[in-house]
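The questions below ask what lies behind each label.

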Amino acid sequence: MKKKLLFNENGSDDISKRKLIGGDTTNLLNLNNTKYKWANGLYKVMQGNFWIPEVVPMLNDEKDYKNLTKEEKQAYDETLAFLIFLDSIQTINLPNIGDYITAPEVSVLIAIQTFQEAIHSKSYAHIVESVIPPAHRDKIYGYNMSDKVLLTRNKFIASIYQDFTDNPSEETFVKVIVANYILEGLYFYNGFNFFYSLSARNLMSNTADQIRYIQRDEQTHVALFIHMIKVLQTENPGLVNSSMVYEMFDEAVNMEIDWCNHILGDKILGITLKSSEQYTKYLANMRLNALGFRDLYEEPEFKVNPYKHLSSQAGEDSEVKANFFEARVTDYSRDNVIDKWEEI
């Protein structure tokens, strides 16, 4: 598998010959001539999601943080640390994926996502600077190395990304795409739930505001990778191996549950060992179903969202009409600020 040329004068922009990977594109961004019509709608959504972290005031959270319990502070700090890692590695790795995408309309979406991941990193920096005492800020960033459970999780995704960078092939490409889908579709959400659970108790509401902006972006990232995986299934039959997908999801779910038990456990009001497992497996089933795969966890309890009551905190019942927890590929929405949404 070779990187596409920056400019391929002998290539073709004929959409009947266009492929997601392995195509022969000129690499000119002729966005009036697209094969994947879903990319046009998703572009409008992602374009309309522009936001600036600094517009969200954090003064109330600075006060609230001082009144959190010891366990809540630790969970707040380490959840931030993990989210910082996720968006950091996405910002760095997405261009590696983009080097092999031979559909211009999808290349543009990867570029927009890369920008959005950088904005998320700036959002976390804004939270840390505004809320965390100066003497403790460096420790937030250090948790990704010093906390062994967190480090194990980080290395799982990072090793898949690195393997593709070092050994680009169709097989490692599929794995890196599925790993991205797992990161975007599974890894953020127990952390988001933690912040929403605090907000439901009128604590750290400014952080929850930042997270709502971030989750709005993540919803489109999930949609992008669902589309990409489905295109790969159609254009490269047999390349997306179901056994590999299930194995990657199961390993990721187990790591997610271990991390939740380690950071949150039964120590946070509204979150338990049981609810963390139930939600993680419920979410994994939902993400697999979106790809056309059967449930990985077939017990009835894993077909129910234990955090449904937090949907209002994610914005479902206020200005943000898209249901964050139940979102499918057709459910993403766009808005100009955060109070005017349009379904597409």
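Q: Why is Asp295 called buried?
A: This is a predicted model, and in it Asp295 has a relative accessible area of 14%. Buried means under 20%, so Asp295 is buried.

Q: What makes the contact of Asp295 with Lys303 a salt bridge?
A: The closest N and O atoms of Asp295 and Lys303 are 2.4 Å apart. The cut-off is 4 Å between a side-chain nitrogen of Lys or Arg and a carboxyl oxygen of Asp or Glu, so the pair qualifies.

Q: Why is Lys303 called partly exposed?
A: The relative accessible area of Lys303 is 45%.

Q: How many salt bridges does a search of the whole structure find?
A: The search finds nine. Among them is the one between the side chains of Glu105 and Arg18, at 2.8 Å from N to O.

Q: What makes Glu105 and Arg18 a link between distant parts of the chain?
A: They are 87 residues apart: Glu105 is in helix α4 (residues 104-131), and Arg18 is in the segment before α1.

Q: Are Glu105 and Arg18 buried or exposed?
A: Glu105 has 4% relative accessibility and Arg18 has 6%. Buried means under 20%, so Glu105 counts as buried, and so does Arg18.

Q: Why are Asp209 and Arg212 separated by about one helical turn?
A: Because they are three residues apart in helix α9 (residues 205-235).

Q: Which labels do Asp209 and Arg212 get?
A: Asp209, at 29%, is partly exposed. Arg212 is at 15% relative accessibility and therefore counts as buried.

Q: How do you know that the span of helix α11 agrees with its number of residues?
A: At 1.5 Å a residue, the 18 residues of α11 (residues 273-290) should span 26 Å. The end C-alpha atoms are 26 Å apart, so the two values agree.

Q: Why is α11 called mostly covered?
A: Of its 18 residues, 14 are buried. After α11 comes Gly292, with a positive phi near 95 degrees.

Q: Why does Val55 count as exposed?
A: Val55 has 54% relative accessibility. Exposed means over 50%, so Val55 counts as exposed. Val55 lies in the loop between α1 (37-48) and α2 (59-66). Together with Phe50, Ile52 and Phe115, Val55 makes a nonpolar surface patch of about 390 Å².

Notes
Residues numbered from 1 in each chain as written. Predicted model: local features only at pLDDT ≥ 70, side-chain atom pairs only at ≥ 80, totals over all residues. Heavy atoms only, no water. Patch = residues over 30% accessible without salt bridge, like charges linked within 9 Å, V, L, I, M, F, W, Y side chains within 5 Å. Areas by Shrake-Rupley, 256 points an atom, 1.4 Å probe, with all protein chains shown as cover. Helix = DSSP H or I, 4+ residues; strand = E, 2+ residues; numbered from the N terminus. Buried < 20%, exposed > 50% of the residue type's maximum accessible area, 1.4 Å probe, protein only. Expected span 1.5 Å × (residues − 1).
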